[in-house]
Amino acid sequence: EELQAVLRAGRFMAEAYVYLAGRRPGSSSGYRRQAENALQWVIALDPGDVESLLWLERLRTARGDEQGTLEVLRLLARADPGNARTYYSRMAQSALTLFRDDEAERYAEKAVQLDRDDAEAQKRLGDLHRAQQDLQRAITGYRRAIELDPESAQAQASRGVALSLSNRDDEAEQAFETAIRLDPTLVSAYFNRGILYSRDKGEYDLAIADHTKARLLSDATRK
C-alpha cells in the first residue's frame, strides 16, 4: 500500500509537470525534463510499470532523444512481452537513426522471430540488410514481405532497388512496374526506376519521364 501511494505520487508529479509545460511554453522543455525525472523515479521503484514506461518513451521521442528512447524500449520489451515485437521494431528504427546498423539488424531480426507473418517487419529487415549491402538477404526479406502482403507497393519498390543494385535489371524493372501498378503515386518507384533506366539501361528518355513524374508527384504532396 505504501509503495503504491509513492508510485501514484510520482505519476501525479509527472502529470503536473507535463501540464505546466503546456501552460508555460517558454519553460516547456524544463518542465518536460522534470516530468521525465519523475517517471524515471517511478520506474526505478517499479520496473514493470508499463504505463509510465510508455509515457517516458513518448517524452523522449518528442524531444528527439533517440538513445534515451532506445533505452526505454528495451525496458518495455521486458516489462510488456505481449507487445515485444512492436518494441523491437521501434528499437530497430531508433538504432538505425543512430547509425548503429548492426544493432538495428539484431532488433529487426528479433521482431521477425516473434512474428514471422508480419510483412512490415520482414520489409524493415530487408531495408537493414540492403543498408549493409547484403543484397541477397535483402531481396529474400522483401520477397517474404510481398508473400505476406502482395499489395505492398513499398516492398515491391524496395525489392526493385535491391535487384537493381544486384545487376538484375529486368527483374528490377518488373518490380518497379508492379509497385507503380499497386500505387501510381509512389514517388520512390518512379525515381528509382528512372535511375535504372539512365544508369543501367541507357534509356534516357524513359529516365527523364520517370524523374519528371516523381518530381510532379513530390511537388503535389507538398502543396
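Visitor: Which residues are linked in a network of salt bridges?
Guide: In this predicted model, the network links Glu36, Arg60, Arg63, Asp65 and Glu71.

Visitor: Take Arg60. What does Arg60 form a salt bridge with?
Guide: Glu36 is a partner of Arg60, and their closest N and O atoms are 3.4 Å apart. The two sit in distant parts of the chain, with Arg60 in helix α3 (residues 50–62) and Glu36 in helix α2 (residues 28–45), 24 residues apart.

Visitor: Is Arg60 buried or exposed?
Guide: Arg60 counts as buried, because its relative accessibility is 9% and the cut-off for buried is under 20%.

Visitor: And Glu36, buried or exposed?
Guide: Glu36 is buried too, at 2% relative accessibility.

Visitor: Different topic. What does Glu105 form a salt bridge with?
Guide: Glu105 pairs with Arg137, with 3.6 Å between the closest N and O atoms. This pair also links distant parts of the chain: Glu105 belongs to helix α6 (residues 101–114) and Arg137 to helix α8 (residues 135–148), 32 residues apart.

Visitor: What is the relative accessible area of Glu105?
Guide: It is 10%, so Glu105 is buried. Arg137, at 40%, is partly exposed.

Visitor: How many salt bridges does the count come to?
Guide: The count comes to 23 salt bridges.

Conventions:
Residues are numbered from 1 along each chain as its sequence is written. This is a predicted model: local features need pLDDT of at least 70, side-chain atom pairs count only at pLDDT 80 or more; totals for chains, interfaces and linings use all residues. Side-chain values use heavy atoms; hydrogens and water are left out. A salt bridge is a side-chain nitrogen of Lys or Arg within 4 Å of a carboxyl oxygen of Asp or Glu. Helices (H or I, at least four residues) and strands (E, at least two) are DSSP runs, numbered from the N terminus. Buried means under 20% relative accessible area, exposed over 50%, partly exposed in between (1.4 Å probe, protein chains only).
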